[in-house]
Amino acid sequence: MAATTSMVTSLTFTIPSLGLRLPTRSYPCLKPQRRFVRKAASNVITATYELKAPPYPLNALEPHMSRETLEYHWGKHHRTYVENLNKQVVGTDLEGLSLEDIIIVTYNKGDILPAFNNAAQAWNHDFFWESMKPGGGGKPSGDLLDLIERDFGSFERFIEEFKAAAATQFGSGWAWLAYKANRLDVENAVNPWPSEKDKELVIVKSPNAVNPLVWDYFPLLTIDVWEHAYYLDFQNRRPDYISVFMEKLVSWETVNTRLEKAKARAAEREMEEERRRKEEEEGKPTNEEEDDDLEMYVDNDNDDSEAE
Amino acid sequence: MALRSSVTRRTLTLGLNSTMLLPLSRSLQTFSLPDLPYDYGALEPAISGEIMQLHHQKHHQTYITNYNKALEQLHEAIQKGDSSTVVKLQSAIKFNGGGHVNHSIFWKNLAPIREGGGEPPKASLGWAIDTHFGSLESLIQKMNAEGAALQGSGWVWLGVNKELKKLVIETTPNQDPLVTKGPHLVPLLGIDVWEHAYYLQYKNVRPDYLKNIWKVINWKYASEVYEKECA
């Protein structure tokens, strides 16, 4: 039993900022399906992460985004990020972690570790393909529209701001609509929005591979503004690309689904917080781990506090 | 060229109504797109004419336009003593001014093959390269490795530290000029590795672009700069 526990312990990370995927209170068997893909005598690099296809054929976004662009963008760029990530991760402590976990760990509060670029770009591109659909564009409705109008004044103002963020991200990067419901001040990670602005929709832009997961936001929508995303179709005319994306490609259904999930997770987190606070008040012994909220470590075989 | 800038200067001063009356304010210099010393298609097949035209007429021109605009706003803010605007404008000046600086060097770093493009450096620069890197091939390999590994957008440079008289290879992100990596660094040659510099022709295969660009690198210019700094 003890052996099993410590084995589990050595695989876990205290990353409360991920909120609900890793309950902040304790880390029982965190990932029962942790994939041990490396066999002892294996000489084969097993692909831990797979290149997922976009949820539509490569020509389905024409004429707004050409098949040629998808072939290169997904078929070469995205594929290369995934392949290189697998090579970087194999045989390291990162192996078997979920993509999101790798991103948080290798972001390392801004002091980026080597696997970050490939991991984050792999995630970003999955998220990007799913943010679009054939016959997309138009306007959202329901809760999402309400929140947009509440936080940006109007849908039109939101569009203006989002387009401006995308157009002014200098060099390579991304623009995002995200749901901000983080509680923690993520030290040294340059959280772009102040803590007062909570449970709100925010627009943020990020350079290169950075994404809002590292600021503990819930991303809802993204546009890739690396030149490779638009150069074949629009050359230098990034603003035109952005307009076409907003008017013809955005899948508001997907954004809506993501928002619902984000709100649910934020609520779960709040409940966790409540419960923990109540227990502390009642003087119940709390898990030592919570004091090391922001500590990240690997292979801590000495840590027995997981044992519940 | 001179005519063009004086026209712009006049237009600019007319725009800033107050400047004509203030004897203390100098009129603002504006910048204009330098002509290429070769045709757009002259660097083929290493770099396509389509890329050269877009790169020069669109990208570089846009940096210049936005640089001029930022300078105009900066000029106004300085006159008004509006320090927060002065500070806020710094990134626009760095992006766009840097873009202008870097691309102006870049066009001189390239030459058609029949005009010496690709011809290896001789004299003092050739000797310095052999001494410092072992061989030209070794330098090229190092620069290509750095250029290929650069994440996102940026430049890879061969520079000289004019204090130490030493050659250096450096990369800079986005449009940061080489001097941001060290105040004594002088660029001899820079290779643009922003995707716009190669995408239409090489797509995602940046290493192929890096391999081929050496065929049109103008070592004569690099030598001139080197000799001036290390005479």
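Lys165(B) counts as partly exposed because its relative accessibility is 43%; buried means under 20% relative accessible area, exposed over 50%, and partly exposed in between (1.4 Å probe, protein chains only). Lys165(B) is not a glycine, yet has a positive phi of about 55 degrees. The residue sits in the loop between strand 1 (154–161) and strand 2 (166–173) of chain B, where helices (H or I, at least four residues) and strands (E, at least two) are DSSP runs numbered from the N terminus.

Lys203(B) also has a positive phi, near 50 degrees. Its loop joins helix 7 and helix 8 (206–213) of chain B. With 14% relative accessibility, Lys203(B) counts as buried. Most residues other than glycine have a negative phi, and most peptide bonds are trans.

## Basis of the model

This is a predicted model, in which local features need pLDDT of at least 70 and side-chain atom pairs count only at pLDDT 80 or more, while totals for chains, interfaces and linings use all residues. Residues are numbered from 1 along each chain as its sequence is written, chains are lettered from A and ligands numbered from 1 in the order in which they are written, and side-chain values use heavy atoms, with hydrogens and water left out.

## Cis peptide bonds

The bond from Glu62(A) to Pro63(A) is cis, with omega near 0 degrees. Pro63(A) is in the loop between helix 1 (2–9) and helix 2 (67–89) of chain A. In chain B, the bond from Glu44(B) to Pro45(B) is cis, with omega near 0 degrees; Pro45(B) lies in the loop between helix 1 (2–15) and helix 2 of that chain.

## Interface of chains A and B

The contact (heavy atoms within 4.5 Å) takes 17 residues from chain B and 16 residues from chain A. About 1,800 Å² is buried between the chains, 60% of it from carbon and sulfur atoms; buried area is the accessible area (1.4 Å probe) that two parts lose on being put together, summed over both. Gln151(B), Glu195(B) and Tyr199(B) supply 32% of the area that chain B buries against chain A, more than any other three residues.

Zero salt bridges are found across this interface, a salt bridge being a side-chain nitrogen of Lys or Arg within 4 Å of a carboxyl oxygen of Asp or Glu. On the side of chain B that touches chain A, helix 2 (49–80) and helix 7 (199–202) of chain B each give two or more residues. Helix 2 of chain B gives the most, with four residues.
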